[in-house]
Amino acid sequence: MSKRTIQKKVCLLGDFAVGKTSLVRRFVEGRFDDKYLSTIGVKISRKSFTLEDTLLNLLIWDLAGGDDFRQIGNSYLRGASAALIVCDLTRHDTLDSFHYYTAQLHQTMPNASLVFIGNKVDLAEQRVIDKNEIEAISQELGGPYLETSAKTGFQVESAFHFLANSLLNTL
Amino acid sequence: MIISPLNLDPVVLAARVAGVLCLSRRIAYAQLSPQLTVVQTSSNFAALLEKEDTAVTGQHISDLMWEFVGLEDTLQEILHGRLPQFHLKMVNRTGEDGATSYLTFLITPLKSEKPERGLLLLIEDVTERGRLQQAIIQDRNELRLLKERLLRVNEELHQLDQMKSLFMAMVAHDIRSPLGVISAYAELAQEQIKRGNTEKLPEYFYKISGQTNRLGYLLSDLLDLDAIEKGQLTLKREKTDLVILLQEVVDSLMAYFHNKNFQFELVLPSTPCYLWIDRQKITRVFYNLLSNAHKYTPPDGRICIHMAQQEENVIIQITDNGYGMNEDQMDRLFQPYFRTKEAQKSKISGSGLGLHIVKTFVEAHGGSIQVNSQLEQGSTFTISLPTFTHE
């Protein structure tokens, strides 16, 4: 039996320097670069993988974070089926932005699936965001929560596969 | 709102745009059918997208460019006149050489009064502007991160300052208190000697000696901390049998433990365990840990000390069934000046330096220390030290 193929656009949202580009690089290229390079505009990557009987082509939109996202506007979110909303577990203010990004996404794409990510879990000694707090916010905003490390690769695949599964479930 | 040339007949528009494009390779265009397939393009269109020329015409736009996957509904909105245009600024593209280029995409109707006839896609290579903008944003974001870090460090320094003030108050108390006891027993001893009554002198001298030792250990902690903070910690290593060393420390503290009627268990290897260590510092490690077990275990409690050799390491476990700690307290236990709130409220003396010094000394020897604890259940400190290696 031949596999069905679907293409979906997913976005990565979150404040600057939370590790969005590093998560995509880890997932798509399987590598990590310690050097921080700010993204302006958008960088689009593609990753194909099979889930059950479906070949899924994910078009991953890695968007500029923080003020720069506020400037580029919501047009970048058009057509997105899902989003990973990312915070940096070592910077509390990046969690405060979860509400903003969720509202922006749902304003443009009301049915888009969401997965919330606490990145940089490897920096345990610098961690300032409590797991209970971030879980409560994620629950309030209607999405599951995962902790990841783009540096070590911890749960990065799981985060995207979680997102992919939620996409398949909505087909 | 797009002005002028887009209201022209597509053929005329294409000719004019093509003329401009002859002068510059930084802008390209494609005409899209209402079905969103490519009808025609400028000559530089494929090159700008790093695609084969022949592979472009007739293709659906979302097959040709990832940027338009998922945007079919948006493009239909333009074709139906519900959306004037769609603009994507600063789309990053990585070339075969690994360099990032920046493109801007603008999609508008071919004719604004008849949008259903097709779309015009304009692509501009804005790499120079993009690189400049990226450099500015990079600097700005790095400055913001630096500012956040500085604020955090400032907050930590403020906390440290408060802890140091608290520590100074504790040290003053810890010095004044034994001095008071020493002074009182010295006066009592003088009185008794004047009266020729020497019966209680051994007890008084024992108490004076105990308080003098307490002051001595406090001073050692302060000197060690000073050396650690200045990065001047040095080890005077010598070949040492750890079994004998631990036995000596335990023997010296035995009277102290009997005062609180502890059950005491000491399990040592039957053969020597030679390590290349600084005797004085490892003695302090054992003394501080056993002293803590004594302080934070109520009378009639139980203290177990186990030493065993495991491959290349000697493992020492000190377990008590005392007050114990919660996870948050355990996380901060080895920080300098840290004392649990319960310890601060209690009358148990302590500077909050002992465990910080223990950890520093153990790690300086290439070892490690771990703690497991549960409130009201007790604590286990596990030290691992590498066995004999001559430097």
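**Close-up views of a predicted two-chain model**

**View 1. Chain A as a whole.** Chain A has 6 helices and 6 strands, where helices (H or I, at least four residues) and strands (E, at least two) are DSSP runs numbered from the N terminus. This is a predicted model, in which local features need pLDDT of at least 70 and side-chain atom pairs count only at pLDDT 80 or more, while totals for chains, interfaces and linings use all residues. Residues are numbered from 1 along each chain as its sequence is written, chains are lettered from A and ligands numbered from 1 in the order in which they are written, and side-chain values use heavy atoms, with hydrogens and water left out. Along the sequence, the elements of chain A follow the pattern β-α-β-β-α-β-α-α-β-α-β-α. Of the 171 residues in chain A, 58% are buried, a term that means under 20% relative accessible area, with exposed meaning over 50% and partly exposed in between (1.4 Å probe, protein chains only). Among contacts (heavy atoms within 4.5 Å) in chain A between residues at least 6 apart in sequence, 73% join residues at least 24 apart.

**View 2. The sheet that holds strands of chain A and chain B.** An open sheet of 11 strands runs in the order 6(A)-5(A)-4(A)-1(A)-3(A)-2(A)-3(B)-4(B)-5(B)-1(B)-2(B), with mixed pairing; two strands pair if DSSP finds at least two bridges between them. Strand 6 (145-147) of chain A and strand 2 (38-41) of chain B stand at the edges, each with a single partner strand, so one side of each has no neighbour in the sheet. On average, neighbouring strands of this sheet are turned by 30 degrees against each other, direction ignored; for such angles, axes are lines fitted to C-alpha atoms, for helices over the stretch in contact, and values run from 0 to 180 degrees between N-to-C directions. Helix 5 (residues 131-141) of chain A packs on the sheet and touches strand 4, strand 5 (113-119) and strand 6 of chain A, its direction making about 145 degrees with that of strand 6 of chain A.

**View 3. Where a strand of chain A meets a strand of chain B.** Strand 2 (residues 42-51) of chain A pairs with strand 3 (residues 86-94) of chain B in the parallel sense, over 2 bridges. Lys43(A) has Asn92(B) as its bridge partner in strand 3 of chain B. Helix 4 (residues 72-79) of chain B lies across strand 3, strand 4 and strand 5 of chain B, and runs at about 40 degrees to strand 4 of chain B.

**View 4. The largest nonpolar core.** The largest nonpolar core has 57 residues, and those with the most contacts inside it are Leu13(A), Trp61(A), Leu63(A), Phe45(B), Met65(B) and Leu121(B); such a core is a set of buried Ala, Val, Leu, Ile, Met, Phe, Trp, Tyr and Cys residues joined through side-chain atoms within 4.5 Å. Strand 4 (residues 80-88) of chain A gives the largest share of this core, 4 residues. Another core lies apart from it and has 48 residues, among them Ile228(B), Val285(B), Ala293(B) and Met325(B).

**View 5. A loop residue of chain B.** Glu116(B) lies in the loop between strand 4 (100-109) and strand 5 (119-125) of chain B. With a relative accessibility of 45%, Glu116(B) counts as partly exposed. Leaving aside neighbours within four places in sequence, Glu116(B) is in contact with Pro34(B) and Leu79(B).

**View 6. The five-stranded sheet of chain B.** In chain B, 5 strands form an open sheet in the order 7-9-10-12-11, with mixed pairing. Strand 7 (263-267) and strand 11 of chain B stand at its edges, each with a single partner strand, so one side of each is left without a neighbour in the sheet. Neighbouring strands of this sheet are turned by 10 degrees against each other on average, direction ignored.

**View 7. Strand 12 of chain B and its partners.** In strand 12 (residues 378-386) of chain B, 8 of the 9 residues are buried, so this strand is largely enclosed by the rest of the structure. Strand 10 (residues 313-320) of chain B runs antiparallel to strand 12 of chain B and is joined to it by 8 bridges, with Asp320(B) standing opposite Ser379(B). Strand 11 (residues 368-374) of chain B is also antiparallel to strand 12 of chain B, through 7 bridges, and Asn372(B) stands opposite Thr380(B).
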